[in-house]
2 protein chains.
Amino acid sequence: MPANRLKVAFLGPPASFSHQVQSQLQIPPPSSFSLPHIIGRIEFVSNSCFLFLQAAAESFDNTDAELLPHVSFADAFTAVQQQVADYAVIPFENSTNGSVVQTLDLLADRNALYTDVEVCGEYYLTVHHCLLVRKGTYPSGWAGYDGSITKLYTHPQAWGQCDNLLSQHFKGIERQDVSSTSKAAEIVSKEMGEHAAAIASKFAAEHHGVDILKENIEDRADNTTRFLIFRNTRVERPAQLEFEQPSTSTEATTRKTLISFAIDHSSPGALANALLIFKAHGLNLTSINTRPSLKRAWQYIFFVECGRTPSDENKEAVLKALDDLRHATEFCRDWGSWKDQL
Amino acid sequence: MPANRLKVAFLGPPASFSHQVQSQLQIPPPSSFSLPHIIGRIEFVSNSCFLFLQAAAESFDNTDAELLPHVSFADAFTAVQQQVADYAVIPFENSTNGSVVQTLDLLADRNALYTDVEVCGEYYLTVHHCLLVRKGTYPSGWAGYDGSITKLYTHPQAWGQCDNLLSQHFKGIERQDVSSTSKAAEIVSKEMGEHAAAIASKFAAEHHGVDILKENIEDRADNTTRFLIFRNTRVERPAQLEFEQPSTSTEATTRKTLISFAIDHSSPGALANALLIFKAHGLNLTSINTRPSLKRAWQYIFFVECGRTPSDENKEAVLKALDDLRHATEFCRDWGSWKDQL
């Protein structure tokens, strides 16, 4: 393996992923995934269980990259911090379900574990969910569905993305969270005693040999997850990727910046003053999130994303805003800037 | 039952609640709870499974109120909107785990279902969690715990509140979400084939006859949930409760206000301009939350709480701010003002 090959960390259970990829490609089991081997199968390596793999693979399309599954977002972050991985691809928000709280908690970095990690890009991935049942249990399909399902399985994020179907047809039905949508499909494939269903991808249905009772059950056809791509600020990277190229002032592409900060809540107007700084430097606020500071109850860490179209006038805008923010906040951190991919 | 008796809606499974309350009090099964009957038992009617009941009961202490369990926050909201209940007591945020997303989604009120519902008060409730196991499985207690638990059960909100213990001692252990912490204790009491544990209250342990392996496992001793109390704006209430009394300008009590709004995201500076309005009228921003608008992807509904110490000068501040906000936003809604109880 070439020494300069990129290593990309993402969330995924190693065993099931490597098993699935291997079984489709009929190659010896890899300890990690080689992008050129799977990229041709990416339409088959569908979403849900493969959501994070797909995002990682697509973000690094046309790159000699190796995809490293990690069991948690924190582990993927640690891999970047410790330079075991060059990049990590982590979901930040979903267009239907909102922010990914676990990712915000990593960005809060309350124990200063990830001081060298920064955002260098973003990737948008559209997802589709299916309602899956054990083979043969509903031979007449959704049209003949009799309301007899008594238990539902999926990953916690998926419930909120399928709320319309769930509240119309599965109100009051017991829900069990499992670690992945693929795991949900697997459980349903083995359930014999009850009428269970899983929310997972088409791919998971094929892989686990279960029936698709209903396709595309997500509330919104444009149900999209935005991933952030993280790298280590201290590493000389082996290649400059397309999404990392610095914007020039002749381009129309917006650049986004993520800044986290905390304020003195006892000081009236402190939050408004901090937010004013963005406006004063021509930075348009595009998202605000908060998490508990965990230092004192009812105090928060704020995560502000702002955007600007690069120009000769505003090329220092983020630096100047950060300078002002340092005086107006208890702490603030620049998580980096990147090209808007929307 | 007197016609003017207050009806208070909260989240709780009717069957298990009425069964438990009844069995403790040895009275005939009630279809709803009579506050004077249970208030003396409130120290026994502990948190977790009884969290919402406890908050509802304590908020209406010394009041002739009837507590009505509802199976979802939405059902409790509907009860207030349809004047079936006078009040609803709904969790808004937890000091460790952050905002309650389901409540924010109700407040987004995207289908205008709750146009007559407003906030009239708040209540702070401190919670404690325990790690529970089947009777007799760990006779030497936590000190002799051998790491053999293979599965954990609790309500989704509880995981994040016990993260320290979970990440230190239960990393990678399978987690199953269940509908309540009490349900988790019940499942564990019946598990025979595996080493399972539940996160739930002391009360749940007693009720379901399971052992407490470890007490007070929450990350922070001050782990507190803030509830909002909702009423119908169109109803003449039978009694003015203490927390509803209007503040006078001679009191030092802060009054809080909750306002939701959406902005035109294509207009640069629109969010900063909206937030500036609060500052311009002397309203201190105390919390900001966002949820997807679900009209267009990556557009949000904002929930801003602001506070002020009432004075003759600022008694019109909220009305004036709302007036300005109506010009600066796509929509805005006043969710009401109430006495800060912190």
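User: What makes the pairing of the side chains of B:Ser182 and B:His208 a polar contact?

Analyst: In this predicted model, the two side chains stand 3.0 Å apart. A polar contact requires a pair of N or O atoms within 3.5 Å, and the pair of B:Ser182 and B:His208 is therefore counted as one.

User: Where is B:Ser182 placed, and why is B:Ser182 called buried or exposed?

Analyst: B:Ser182 belongs to helix 8 (residues 181–190) of chain B. Its relative accessibility is 5%. Buried means under 20%, so B:Ser182 counts as buried.

User: Which residues are in contact with B:Ser95, leaving aside neighbours within four places in sequence?

Analyst: From chain A, they are A:Pro292, A:Leu294, A:Ala297 and A:Trp298. From chain B, they are B:Asp222, B:Asn223 and B:Thr224.

User: How do you know that chain A and chain B touch, and what area is buried between them?

Analyst: Contact means heavy atoms within 4.5 Å; by that rule, 44 residues of chain A meet 44 residues of chain B. The area buried between the two chains is about 3500 Å², and carbon and sulfur atoms give 55% of this area.

User: What makes B:Lys171 and A:Asp75 a salt bridge?

Analyst: The closest N and O atoms of B:Lys171 and A:Asp75 are 4.0 Å apart. The rule asks for a side-chain nitrogen of Lys or Arg within 4 Å of a carboxyl oxygen of Asp or Glu, and the pair is counted as a salt bridge.

User: Which element of chain A gives the most to the side that touches chain B?

Analyst: Strand 14 of chain A does, with nine residues. The residues on that side of chain A comprise 15 nonpolar, 17 polar and twelve charged.

User: Which residues touch the most other members of the largest nonpolar core?

Analyst: Of its 50 residues, these are A:Phe261, A:Leu275, A:Phe278, B:Phe261, B:Leu275 and B:Phe278. Beyond four places in sequence, B:Phe278 touches residues including B:Ile259, B:Phe261 and B:Leu325.

Conventions
Residues numbered from 1 in each chain as written. Chains lettered and ligands numbered in written order. Predicted model: local features only at pLDDT ≥ 70, side-chain atom pairs only at ≥ 80, totals over all residues. Heavy atoms only, no water. Buried area = accessible area lost by both parts, 1.4 Å probe. Helix = DSSP H or I, 4+ residues; strand = E, 2+ residues; numbered from the N terminus. Nonpolar A, V, L, I, M, F, W, Y, C, P; charged D, E, K, R; others polar. Core = buried A, V, L, I, M, F, W, Y, C linked by side-chain atoms within 4.5 Å. Buried < 20%, exposed > 50% of the residue type's maximum accessible area, 1.4 Å probe, protein only. Polar contact = N/O pair within 3.5 Å; in protein donor to acceptor, adjacent residues only side chain to side chain.
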